[in-house]
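Subject: Structure handover

Hello,

Here is the structure you asked about. Please open it next to this message and follow along.

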Amino acid sequence: MDFPERKTLKTSLFLEGPGLHTGEKSRITIHPEDTGGTLVFQYKDVKIPAVLEFAYSEGRSTCLKRDDCKILTIEHFLAACTGVFLTDGVVELTGSGEIPALDGSAVQFLAALLSTGFESIGHASVLKITDKLEVTWSSGNRRYRVREHEGLAIRCVIEFPVASIGRQSFTYSREGTDFLREIAPAKTFVLEKDIAHLRAKGLAKGGSEKNALVYSDSGLLNPRAAAFRDEPVRHKILDFLGDLYLLGAHVKGLFDVMAPGHPYNLSFFKLLKKKAAIRPADPEG
Ligand SMILES: [Zn+2]
């Protein structure tokens, strides 16, 4: 039976920089450790496993919370961890409570993880979808579906009311898509008309023309920062993969998602976790 591996890093590594929303500096240091199959974040002496039970969304991002301790904007880092199957380790956070934005994508996290290398520490749990699940949200055209599939695949469609994004679709598969080249470099994005509103809410303070693509009706305002013509839909898949990490298992299923967003990802995954069986790691392992 093919059981994927649990992995931790070979040695510690750190990354630092301002957060996307707070604009304040932080540093993450990832330490190799057997943490039982999911990364554990540590901030101000509070340890928070990266699992759905501690996750919530602030709308534009995914965060962890335990007691009064919050860790903000974890999704791009976790997407890199999903991409390389990094299951175990302690992620120590210092400075602000927000993970550094770096270039607004997952590529720098991924490059750092790959350059450090991995240590196998046994077999990972698998979450295999056996029953179909569909959820439609009443607002807009948002819809999530999942069904049985041998590997992991995500078909994503987005539709934005600005001509420069419009309707975009992309299909990712773990076996057929080169995550490093096709998904990880996709930067976060924003509509120009939303920026003032976000800033008024105290968000996007660390956003810049280098780490976020800005779209208006007249076009992409910072085209030199873009890696792809259909970057927004690729970034939505990146976000989805980051949130998927929180299921705490290697997921096998075909997801078909329309207009995804962090709060919906989390509620869909919570539902999925209740319904689907997580097969534990091979006891022989
Ligand atoms: Zn994102």
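In which helix is the place of G242? G242 sits in helix α5. Before going further, please keep in mind that this is a predicted model.

**Around G242**

Is G242 buried or exposed? G242 is buried, because 27 other C-beta atoms lie within 10 Å, and the cut-off for buried is 20 or more. Leaving out residues up to four places away in sequence, G242 touches T62, E75, H76, L78, A79 and T82. Now look at F77. F77 and G242 are 165 residues apart along the chain. Their C-alpha atoms are separated by 7.1 Å.

Helices come next. Two packed helices are described by the angle between their axes and the distance between the axes.

Start with α1 and α5. Helix α5 covers residues 231–244. The axes of α1 and α5 come within 7 Å and cross at roughly 80°. The two helices are therefore roughly perpendicular to each other. Which residues meet here? From α1 they are E75, H76, L78, A79, T82 and G83. From α5 they are L238, D239, L241, G242, D243 and L244. Sorted by type, the residues of this contact are five nonpolar, four polar and three charged.

Now turn to α2. Helix α1 spans residues 75–84, and helix α2 spans residues 107–116. They pack at an angle of about 45°, with axes 8 Å apart. That angle makes α1 oblique to α2. The crossing of α1 past α2 is right-handed. On the α1 side, the contact uses H76, F77, A80, G83 and V84. On the α2 side, it uses F109, L110, L113 and L114. Seven of the residues in this contact are nonpolar, two are polar and none is charged.

How many of the 10 residues of α1 are buried? Nine are, so this helix is mostly covered. The buried residues are E75, H76, F77, L78, A79, A80, C81, T82 and G83. What do they pack against? Their partners are β7 (62–66), α2, α3 (179–183), α5 and α6 (262–275). After α1 comes F85, with a positive phi near 60°.

**The sheet**

Now the strands. Strands of a sheet pair through backbone hydrogen bonds, either parallel or antiparallel.

In what order do the five strands of the open sheet lie? The order is β2-β3-β9-β4-β5, and the pairing is mixed. β2 (13–18) and β5 (46–49) stand at the edges. Each has a single partner strand, so one side of each is left without a neighbour in the sheet. On average, neighbouring strands of this sheet are turned by 20° against each other, direction ignored.

Strand β3 covers residues 25–31. β2 and β3 run antiparallel and are joined by six bridges.

Strand β4 covers residues 40–43. β4 and β5 pair in the antiparallel sense over four bridges. Which residue of β5 does F41 stand opposite? F41 stands opposite I48. β4 and β5 form a hairpin, with two residues between them. In the turn, K44 has a positive phi of about 50°.

Best wishes

How values were computed. Residues are numbered from 1 along each chain as its sequence is written. This is a predicted model: local features need pLDDT of at least 70, side-chain atom pairs count only at pLDDT 80 or more; totals for chains, interfaces and linings use all residues. Two strands pair if DSSP finds at least two bridges between them. Axes are lines fitted to C-alpha atoms, for helices over the stretch in contact, and angles run from 0 to 180 degrees between N-to-C directions. Angles under 35 degrees count as roughly parallel, over 145 as roughly antiparallel, 65 to 115 as roughly perpendicular and the rest as oblique. A crossing is left-handed if the near helix is turned anticlockwise from the far one by less than a right angle, and right-handed if clockwise. Two residues are in contact if their C-beta atoms, placed from the backbone, lie within 7 Å. Ala, Val, Leu, Ile, Met, Phe, Trp, Tyr, Cys and Pro count as nonpolar, Asp, Glu, Lys and Arg as charged, and the others, Gly among them, as polar. A residue is buried if 20 or more other C-beta atoms lie within 10 Å of its own, exposed if 12 or fewer, and partly exposed in between; C-beta atoms are placed from the backbone.
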